[in-house]
Amino acid sequence: MAFLALIELLGRMHPLLVHLPIGFLIFGIFLIFYSKKENNLLPAVRLAVILGLLAAIASAISGWLLYQSEGFAFETVRGHLIAGVITSILSGWLLWVSHRRTAVDRSIKWISAALGIALLITGHLGGNLTHGDDYLVEVLPEPVQSWLGYEPEAPKPIALDPDQWQEALVYEDLVMPILQQNCVSCHSPKNKKGGLMLTSIEAIQQGGENGPVLTKENPLESPLVARMLLPLDHEDHMPPKEKRQPEKAHIELLKAWIAAGADFSKTLGAAGIEKNLLIPFFKKESIPDFPITDLPPIPVDSLKVFAEKGILVEPISLDNSLLKVSCINFADFTDADWEMLEGIGSHIAWLDLSGTAVSDSLMVHVAGLPNLTVLKLSNTALRGILLEKLNANTNLKRLYLNQTEVDWNTLEVLKTHPSLMGLFAYNTPASKSETPDWAKKWGIKLETGGYQLPVVETEKVVY
Ligand code: HEC
C-alpha cells in the first residue's frame with residue numbers, strides 16, 4: 001500500500017521534475033553558443049548536459065508512472081512520450097560528442113539546436129496534457145482564438161423534435177449536453193476535479209479517483225446521479241452547493257438513462273425512455289401567423305362538452321377567437337367522430353389528430369376549413385389519396401404526415417397548394433425513397449429525414 005502510494009506520488013512529481021532537465025539543457029545550449037575560442041566552455045557544457053540527461057531520465061520514469069496510475073489514454077500521451085524519448089536520445093548524443101571534442105564545434109552546435117527544438121516540443125505537448133491544449137489560447141481575444149482554429153465550445157443546445165423524438169440519440173442529443181451544461185466546467189481534461197472527466201464516452205466510463213461513476217440499470221448506485229440527489233448541503237453533493245444546480249428534468253433524464261442501461265449509442269426510442277420525461281426538452285414550435293378574422297368568439301363554457309369527450313379545445317390566444325383542437329387523449333377518434341367538431345369547424349386553426357384512428361376520408365371533412373393553419377395527422381393510417389382536398393384550405397401552412405403511408409405520388413397533388421409552407425413526412429414511404437425533382441424545387445420547408453441512395457452492387461466492385 002505504502003509502496004503504491006509512493007509510486008503514485010512520484011508520478012505526480014512529474015510536472016515538477018520536468019523543469020530540471022529543461023533548466024540544465026537550456027543552460028547547456030546557452031553555454032555552447034556562448035563558447036568562444038578564447039574561453040572554451042566545453043567542460044561546463046559536459047556538466048550541464050550530463051545533469052540534464054540524468055534529470056531527463058528521472059522525468060521519463062516519473063512520467064511513465066504518472067501515465068500508468070492516472071490512466072491516460074495512450075493516444076493522448078503518445079506525442080509527448082515520443083518527443084521526450086527523442087530529447088533524451090539527443091542529450092545522450094550531445095554528451096557523447098562533447099566528450100570526443102576538445103572545443104565546441106559545428107556538430108555540437110547542430111545537435112544542441114536540434115535538442116533545443118525537441119525540448120520545446122516535449123515541453124509544449126506536456127503542458128497541453130496538464131493544462132489543456134487551449135491553455136495559452138484561452139487568454140487571447142475571441143477573434144484571434146477562432147483565427148487560430150479554437151472555437152470556444154458552446155454547449156450543444158437541447159431541442160428535440162416533438163414529432164421525431166424517438167429518433168434522437170440518448171447520449172449525443174441529451175446526456176452529453178446535460179453534462180456540458182452542468183458538470184464539464186469542473187470535469188474536463190483542463191479541470192479534472194476528483195479525477196473525473198465527463199467530456200467523452202471513454203472518460204465517463206473510466207470514472208473518477210474513486211472508481212466508476214456509472215452502475216448500469218442502477219441510478220442510485222451510480223455516483224454520477226447519486227451525488228446530484230444528495231441533500232444540497234451534503235459535502236458530496238454535485239454540483240457543489242454554491243454552483244448553479246441542474247434542472248429537475250435534467251436529473252430525471254440522467255436517472256432514466258442509467259436505469260435503461262446507460263447506453264451510449266441508442267436512440268431514445270430504442271432505449272425506451274418515456275415521452276413524459278422528454279417534454280421539457282422539446283423544441284418550442286415556432287407559431288405560424290394565424291389568419292385575422294372577425295369571427296365571434298365561442299364562449300369558453302361551451303367548450304367544456306369537448307373536454308368531457310376527451311377532446312382538448314382551447315382558444316389559440318386570448319385576443320383571438322380561433323381554436324386549437326387536439327385529440328391526443330382520444331386515440332379512438334375516427335372520421336365519423338368529426339361530427340362533434342362540425343359546429344366549430346370554421347374556428348379551428350390548429351388541428352391535431354395524430355395517433356388517432358382517422359383515415360383518408362377525413363380530408364372530405366377538413367377540406368375548405370377557412371382558418372385551418374396547422375394540421376397534424378402523424379401516426380395515422382393515412383395513405384394520402386385524398387390530399388388534393390386540402391388545396392381548398394387557403395390558410396393551411398403546416399402539414400404533419402410523419403409515420404403515415406404517404407408517398408411522392410400522393411403528395412404531388414399538393415405541389416400547387418396556395419399557402420402551404422411546411423410539410424413533415426418522416427418515416428413514410430416518401431422518406432424512404434428518393435426525393436423527386438419537382439419536390440426538390442418545391443420551395444417549401446420539406447422534412448423527410450433525408451434519404452440516402454442505396455449502394456448499388458457495382459459500386460462496390462474494385463477494378
Ligand atoms: C464547481 C465545480 C464542480 C462542478 C460544476 C461539478 N463538480 Fe463534481 N466534483 C467537483 C470536485 C471538487 C470533486 C472532488 C471532490 C469530491 O469528491 O467531492 C468532484 C467529484 C465528483 C465525483 C466523484 C468522482 C470520484 O471518483 O471521486 C462525481 C461522480 C462528480 N463530481 C459528479 C459531478 C456531476 C455529475 C456534475 C454535474 C451535474 C458535477 N460533478 C459538477 C467539482 C465539481
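Helix H10 (residues 223–229) gives the most to the shell around the ligand, contributing four residues; helices here are DSSP runs of H or I with at least four residues, and strands are runs of E with at least two, numbered from the N terminus. The model is predicted, so local features need pLDDT of at least 70 and side-chain atom pairs count only at pLDDT 80 or more, while totals for chains, interfaces and linings use all residues. Residues are numbered from 1 along each chain as its sequence is written, and side-chain values use heavy atoms, with hydrogens and water left out.

There are 20 residues around the ligand, and those that come nearest are Cys183, Cys186, His187, Asn210 and Met238. A residue counts as near a molecule if one of its heavy atoms lies within 4 Å of it. By class, the shell holds ten nonpolar, six polar and four charged residues. Here Ala, Val, Leu, Ile, Met, Phe, Trp, Tyr, Cys and Pro are nonpolar, Asp, Glu, Lys and Arg are charged, and the others, Gly among them, are polar.

His187 places one 2.8 Å from a ligand nitrogen atom, and Asn210 places one 2.8 Å from a ligand oxygen atom. For Arg227, the distance from a polar side-chain atom to an oxygen atom of the ligand is 3.0 Å.

Helix H8 covers residues 170–182. Its 13 residues, at 1.5 Å a residue, should span 18 Å, and the end C-alpha atoms are 17 Å apart, which agrees; the expected span is 1.5 Å times one less than the number of residues. H8 has a kink of about 25 degrees at Met176, shortly before the proline Pro177. The bend is the angle between axes fitted to the seven residues ending at a residue and the seven starting there.

Ten of the 13 residues of H8 are buried, that is, under 20% relative accessible area, with exposed meaning over 50% and partly exposed in between (1.4 Å probe, protein chains only). Among them are Tyr171, Leu174, Met176 and Pro177. The buried residues of H8 pack against helices H9 (201–206), H10, H11 (248–259), H12 (268–271) and H13 (275–278).

Elsewhere, Ser88 lies in helix H5 (residues 74–100). Ser88 counts as buried because its relative accessibility is 18%. Apart from neighbours within four places in sequence, Ser88 is in contact (heavy atoms within 4.5 Å) with Leu53 and Ala56.

How values were computed
A polar contact is a pair of N or O atoms within 3.5 Å; within protein, one must be able to donate a hydrogen and the other to accept it, and residues adjacent in sequence count only if both atoms are side-chain atoms.
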